[in-house]
Amino acid sequence: MFKVTAYERLTTNEYQLWIDAPRIAARAKPGQFVIIRMDETGERIPLTICETNPKDGQIRIIFQVIGKSTAELAEFKTGSELLDVVGPLGTPTAIKNYGTVLLVGGGVGIAALYPTVKGLKQAGNRVITVLGAKSKDILILRDECAKYSDELILMTDDGSIGRKGLVTEAMEDVFNREQIDQAWAVGPGIMMRFCTQVATKHDVPVYVSLNPIMIDGTGMCGCCRVTVDNHIRFACVDGPEFLGAGVDWDSFMQRMRQYRVQEKQAFEQYEQLRQVQ
Amino acid sequence: MVKRSYNQTPIKAQDPEVRSHNFNEVVLGYSLDEGRLEASRCLQCKNHPCMLHCPVMIDIPGFIKKIEDGDMDGARKIIAKYSNLGAICGRVCPQEKQCEMACTLGRSKKFEPVAIGKLERLVSDWDLDNPEPVKVIPHDKGRVAVVGSGPSGLTVAGDLAVKGYEVTVFEALSTPGGVLIYGIPEFRLPKATVKKEIDRIRDLGVKIETDVVIGKTITMSELVDDFDACYVGVGAGAPHFMSIPGTNLMGVYSSSEYLTRINLMHSYKFPTYDTPIEPAKQVVVIGGGNVAMDSARSAMRLGAENVSVIYRRSLEELPARIEEYHHSVEEGIQYHWLTNPVAYLGDENGQLTGVKCIKMELGEPDESGRRRPVPIAGSEFIIPATTAIEAIGQGANRVMLDTYPDLKTNKWGYVDANEETCATSVPGVFAGGDIVTGAATVILAMGAGKIAAKEIDEYITNKTAKKTSHSA
Ligand SMILES: Cc1cc2nc3c(=O)[nH]c(=O)nc-3n(C[C@H](O)[C@H](O)[C@H](O)COP(=O)(O)OP(=O)(O)OC[C@H]3O[C@@H](n4cnc5c(N)ncnc54)[C@H](O)[C@@H]3O)c2cc1C
Ligand SMILES: Cc1cc2nc3c(=O)[nH]c(=O)nc-3n(C[C@H](O)[C@H](O)[C@H](O)COP(=O)(O)OP(=O)(O)OC[C@H]3O[C@@H](n4cnc5c(N)ncnc54)[C@H](O)[C@@H]3O)c2cc1C
Ligand code: SF4
Ligand code: SF4
Ligand code: FES
């Protein structure tokens, strides 16, 4: 059992948990994730390790409610226990001194981007960070990203903070302005796809963090397969980060929709049950 | 004395019509009386060829005699000397290619061999229902880490606990058992039986830590430093894909994923359990081993309209257990022999609609001596399908190996271990089961575990003796 030691609602739909998991806290590196199962009937859901506190043996996760499992996780409180937390899984981000780096995060993807921002800054890079969200009140981790960025650019759909527009517009500006040695983009599939297009146009290599549906997370089932450079790769062990230019985006985004009907059914049933209670 | 019947004592099984719609166990097992009747068919051969063809050399005539005498306690004591997992092997061992193939009775005209596996199951099930109090002995001879809780790792752990070692098993998944839990379906091997066998190993004082991925949560080097010896039994479950066009369509699964969803995650009980699986309508399974049979029969139980297996050779070469093949035919599964898939076809939403196949013929024998299937030009045809499951074989589980290059592997990616001693390139690290042999059988994985336990005991005993003589 893994205890939730702190719980916070960050925005209307995004939550943060600190979980007691000393072994994972001791070893996790930027870019890695855990798989959580809440109880015996639960599914295994992958979530990025947003931060660790190795001294107290804690890991931090941030998630967005999008279906049944995340809705149920949002009901957890300080002191609740998770049945399974396994990790740190995946290959860590290649943190080193590249020179000047551009990091782009969208929506809840910012939670997954943040440890990379921090790691790259600590490795001596000049860090330019672009964060995007629908509006100000759902833009997470702004201050924390600012702390580890030489420059922070905010983009919102409604202009409630920063500039109004898409993260790709900010990327264009930066690329036109200066030499970027390496870029990252973490967010919804469609955002990462367009970020890849923009970076590729400017000849800048860009890492994306793929989040396909997973089960075991140890390379044993092939559920998380993605096609990269015409080869089948398993995101849970070979990734989740890949160079965006090689990703077969169509099939990646298609596979994310595989269980849409069942997910909807599960979510509706859950909502109904909650209303009854 | 009553005359021996030619045929094995019939065993109760669920009716095919009924069982193809549920996940309950197909074969229901002998009653004690049926068991005694079957045991009386054994000739008690002095040269016991059956025993020589059992990978762990169980004293087969010995335990069969006890059954015949109605002495179940005596029977279990004999099996316990050789096997920790009798209830499992009695169910899933390829008996017809091992002990039963060599049975003298079966080799005489008109007679079927003694149903050794089913008798073993009878004894072991009885044993699980009538447990003996365990004697937990002090674990003071040393500390051993076991990586992976499949049949191989569990066997090492149980044997070493009995020998007086403190053993910790580390398992990546949430539930121990390896393929016994996530691969072999409930209808062949009830999870409750597996759980009982594992609980018994726990009762011996073995600690099992789930949710620990060695190489990620804890490194292999840390284990090597912390423990007196390690055993690596991480299995070979990583799926291969044929990589034909359309592999990423929705509806295309590896058998590992399909069976893991069903067995480990209970997706056949969705939405009570949260993990979904696509509804089975028209299902095509590719491959001819046990894994293919299990996938096909599982799909049937999920309510498929039709399930067909396509295999590139013919029935004669089918690697699956023949009993499983017969069961599958009874359950309505169809076969396309000498057929290979060339592409998956999908609709505009990316959903699988069919499997394009090509007919094969058998050509010259290959290295394995089996005739190599070659495609017949122009023979392509399409099988409509909403689900396709690839069961074409698995490779080494790599998570740990990739982070521990000290452990030498062979050209197929399996751990390079001495089959007689399970020793690897790293002193104090032993390995066995599928991660050494490639995908094989439960009993072979268990056999390796038996050897390793003995070798590890010797290794630690020698090491301790050396240390004491040095300090003296
Ligand atoms: C490596 C990795 C890291 C991730 N990190 C985070 C994170 O830090 N914060 C966060 O909010 N989310 C993260 N996700 C996504 C998160 O796992 C899913 O949002 C969650 O599993 C959805 O579960 P659900 O039951 O609430 O929704 P569901 O009803 O199951 O699904 C809704 C939609 O979510 C997607 N989805 C479903 N299951 C999975 C799954 N197992 N993996 C990925 N996507 C899925 C599908 O597109 C689906 O249509 C990550 C995913 C991966 C693979
Ligand atoms: C569907 C299917 C049907 C089968 N049917 C039969 C049958 O009828 N009869 C028969 O005899 N055999 C059958 N087999 C084969 C048999 O199950 C295997 O040969 C046997 O289970 C191998 O045992 P093992 O202990 O070597 O490994 P496994 O059973 O594979 O166990 C390995 C365990 O190690 C864990 N692991 C891997 N990496 C790590 C890590 N880094 N850290 C911690 N844990 C780790 C895995 O999660 C797994 O639980 C079947 C196999 C499958 C897949
Ligand atoms: S373990 Fe397998 S081979 Fe040995 S007696 Fe039992 S069924 Fe036969
Ligand atoms: S070979 Fe057959 S008949 Fe002979 S002892 Fe073994 S089981 Fe009995
Ligand atoms: S999640 Fe199973 S292989 Fe990646």
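Good morning. By residue class, the shell around ligand 3 comprises seven nonpolar, two polar and one charged residues. The model under discussion is a predicted one. The residues surrounding ligand 3 are Cys54(B), Pro55(B), Ile58(B), Ile60(B), Cys93(B), Gln95(B), Gln98(B), Cys99(B), Glu120(B) and Ile443(B). Of these, Cys99(B) has a relative accessible area of 9% and therefore counts as buried, the limit being under 20%.

Over all chains, the count of disulfides is zero. Cys195(A), for instance, takes part in no disulfide, and the nearest cysteine sulfur, which belongs to Cys145(A), is 15 Å away. Cys195(A) is buried, because its relative accessibility is 0%.

I turn now to ligand 1. Its shell holds 22 residues, the closest being Pro46(A), Gln64(A), Ser69(A), Thr70(A) and Glu263(A). By class, they divide into twelve nonpolar, six polar and four charged.

Which polar atoms of Glu43(A), Pro46(A) and Ser69(A) approach an oxygen atom of ligand 1? For Pro46(A) it is a polar backbone atom, at 2.6 Å. For Ser69(A) it is again a polar backbone atom, at 2.9 Å. Glu43(A) contributes a polar side-chain atom, at 3.0 Å. On its own, ligand 1 has 850 Å² of accessible area, of which the protein covers 89%.

In terms of secondary structure, β4 (45-48), β6 (58-64) and α2 (68-73) of chain A each supply at least two residues of this ligand 1 shell. The largest share comes from β4(A), with four residues.

Finally, an unreviewed UniProt entry lists residues 1-95 of chain A as "domain: FAD-binding FR-type". That stretch of chain A is 13% helix and 44% strand, with its end C-alpha atoms 32 Å apart. Thank you.

Note on methods:
Residues are numbered from 1 along each chain as its sequence is written. Chains are lettered from A and ligands numbered from 1 in the order in which they are written. This is a predicted model: local features need pLDDT of at least 70, side-chain atom pairs count only at pLDDT 80 or more; totals for chains, interfaces and linings use all residues. Side-chain values use heavy atoms; hydrogens and water are left out. A residue is near a molecule or strand if one of its heavy atoms lies within 4 Å of it. Ala, Val, Leu, Ile, Met, Phe, Trp, Tyr, Cys and Pro count as nonpolar, Asp, Glu, Lys and Arg as charged, and the others, Gly among them, as polar. A disulfide is a pair of cysteine sulfur atoms within 2.5 Å. Buried means under 20% relative accessible area, exposed over 50%, partly exposed in between (1.4 Å probe, protein chains only). UniProt positions are given in the numbering used here, feature names are shortened, and annotations may be inferred rather than shown by experiment. A polar contact is a pair of N or O atoms within 3.5 Å; within protein, one must be able to donate a hydrogen and the other to accept it, and residues adjacent in sequence count only if both atoms are side-chain atoms. Accessible areas come from the Shrake-Rupley method with a 1.4 Å probe; for residues, only the protein chains shown count as cover.
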